[in-house]
Amino acid sequence: MRVKYAKLLENILSGHEDSQIFVETRTYLRAGVSNYGGTTLFHIQQSTNNLVIIQYEVKNNPVVPSYQLEWTFPDDMDQDEMMAVMAIDMKKKMEQML
């Protein structure tokens, strides 16, 4: 999973200096950051029909209420494009909450 989703992971892990991979199996990966400012995680799950499901989870943040977002992408989609779509949706969600 770490190799297959290397570009996506690079984007996720570069978002915060404390970011790390928490769990990795053959079909699942959980990465993000958890510290005094809360927890922000990406759950990357391979699915059937050559799809990947990505869940974004924010919790225990002193400024932002807890929330989740979810995307389903073709497994072979460009990972930079996946991240761009997710970034737009995350920005929209933040704007709604503020």
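The model is predicted, so to speak of local features takes a pLDDT of at least 70 and side-chain atom pairs count only at pLDDT 80 or more, while totals for chains, interfaces and linings use all residues. Residues are numbered from 1 along each chain as its sequence is written, and side-chain values use heavy atoms, with hydrogens and water left out.

**Helix α2**
- Helix α2 covers residues 79–97, 19 residues in all, and spans 27 Å from first C-alpha to last, close to the 27 Å expected at 1.5 Å a residue. The expected span is 1.5 Å times one less than the number of residues; helices (H or I, at least four residues) and strands (E, at least two) are DSSP runs, numbered from the N terminus.
- Its buried residues are Gln 79, Met 82, Met 83, Met 86 and Met 90. Down the axis of α2 they fall within an arc of 90 degrees, so they line one face of the helix; the arc is taken from the directions from the helix axis to the C-beta atoms.
- Over on the other side of α2, Lys 91 and Gln 96 are exposed. Buried is under 20% relative accessible area, exposed is over 50%, and partly exposed is in between (1.4 Å probe, protein chains only).
- The buried residues of α2 pack against α1 (6–13), β3 (38–47), β4 (51–59) and β5 (67–74).
- At the start of α2, a side-chain oxygen of Asp 78 comes within 3.0 Å of the backbone nitrogen of Asp 80.

- Gln 79, in α2, is buried at 12% relative accessibility. Its side chain reaches the backbone nitrogen of Lys 7 at 3.3 Å.
- His 43 sits in strand β3 and is buried too, with a relative accessible area of 12%.
- The His 43 side chain makes polar contacts with the side chains of Tyr 28 (2.5 Å) and Glu 57 (2.8 Å). A polar contact is a pair of N or O atoms within 3.5 Å; within protein, one must be able to donate a hydrogen and the other to accept it, and residues adjacent in sequence count only if both atoms are side-chain atoms.
- Leaving aside neighbours within four places in sequence, the contacts of His 43 (heavy atoms within 4.5 Å) include Leu 29, Arg 30 and Ile 53.
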